[in-house]
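Dear colleague,

Please find below the structure that I am handing over to you, followed by an account of what was found in it.

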Amino acid sequence: MGFGRLERTPGAQPMSEINVTPLVDVMLVLVVIFILTAPLLAGSIKLDLPKSDATQPNEAPKYVTLVVDKAGQTYLNDQAMTPAQLTQSLQQSAARNPDTEVQLRADETVPYGKIVEVMGMAQKAGLNRIGFVADAPKTAATPAAPVVRP
């Protein structure tokens, strides 16, 4: 038995080139899609529409600002209101546009019960879209303003 050198064939070398064929295929499909859809987006029929007083442009949904300060006083659009006045004003707003949004701003020291009471007034008036407005927290990069006390 003779032990000699066994000849080995070198294995496959790793591929060092990027296969761009799939990329080219995808890009060509996108170009074809853009070529087909571009005329559809740009094409429109020019018309001179008749004028009428009966038509009104669509108005964006309005909003009212409802503020509750530290003392529990309520303000509607920066006007101080008693609970009866507030209820009446909210009902008028709901009658004009039921999609009116109430932007509720309240001091952080106001009791939760007072906030719930004001929200209840708005909902009874028919205004169900209520948004809570809050300030962003101060970051370390912005120094706080110095407090000046007399």
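**Helix α2 and S89**

S89 is placed in helix α2, which covers residues 83-96. Helices (H or I, at least four residues) and strands (E, at least two) are DSSP runs, numbered from the N terminus. Please note that this is a predicted model, in which local features need pLDDT of at least 70 and side-chain atom pairs count only at pLDDT 80 or more, while totals for chains, interfaces and linings use all residues. Residues are numbered from 1 along each chain as its sequence is written, and side-chain values use heavy atoms, with hydrogens and water left out.

With a relative accessible area of 16%, S89 is buried; buried means under 20% relative accessible area, exposed over 50%, and partly exposed in between (1.4 Å probe, protein chains only). Apart from its neighbours within four places in sequence, S89 is in contact with L76 and M81, where contact means heavy atoms within 4.5 Å. The helix α2 itself lies across β1 (63-68), β2 and β3, and runs at about 115° to β3. Axes for such angles are lines fitted to C-alpha atoms, for helices over the stretch in contact, and angles run from 0 to 180 degrees between N-to-C directions.

**The sheet**

The protein has 3 helices and 5 strands, and from the N terminus on its elements run α-β-β-β-α-β-α-β. An open sheet is formed by 5 strands in the order β3-β2-β1-β4-β5, with mixed pairing. Because β3 (79-81) and β5 (129-132) each have a single partner strand, they stand at the edges, and one side of each is left without a neighbour in the sheet. From one strand to the next, the twist averages 30°. Two strands pair if DSSP finds at least two bridges between them.

- Strand β2 (residues 74-76) and β3 run antiparallel and are joined by 3 bridges; L76 has Q79 in β3 as its bridge partner.
- β1 pairs with β4 in the parallel sense over 6 bridges, and V68 stands opposite A106 in β4.
- β4 also pairs with β5 in the parallel sense, over 4 bridges; the bridge partner of L104 in β5 is F132.

**The loop between β2 and β3**

Both N77 and D78 lie in this loop. N77 has a phi near 50°, a positive value in a residue other than glycine, and counts as partly exposed at 41% relative accessibility. D78, also not a glycine, has a positive phi of about 65° and is exposed, with a relative accessible area of 69%.

**The largest pocket**

The largest pocket has a volume of about 360 Å³. A pocket is an open set of points on a 1 Å grid over the protein atoms alone, where a 1.4 Å probe fits, with protein on both sides within 12 Å along at least five of seven lines; lining residues have an atom within 4 Å of a point. Its lining consists of L104, R105, A106, D107, E108, F132, V133, A134 and D135. Strand β4 (residues 101-106) gives the largest share of this lining, 3 residues. By class, the lining divides into 5 nonpolar, no polar and 4 charged residues; Ala, Val, Leu, Ile, Met, Phe, Trp, Tyr, Cys and Pro count as nonpolar, Asp, Glu, Lys and Arg as charged, and the others, Gly among them, as polar.

With kind regards

Methods
Grid points are joined across faces, edges and corners, and a volume is the space filled by probe spheres set on the points.
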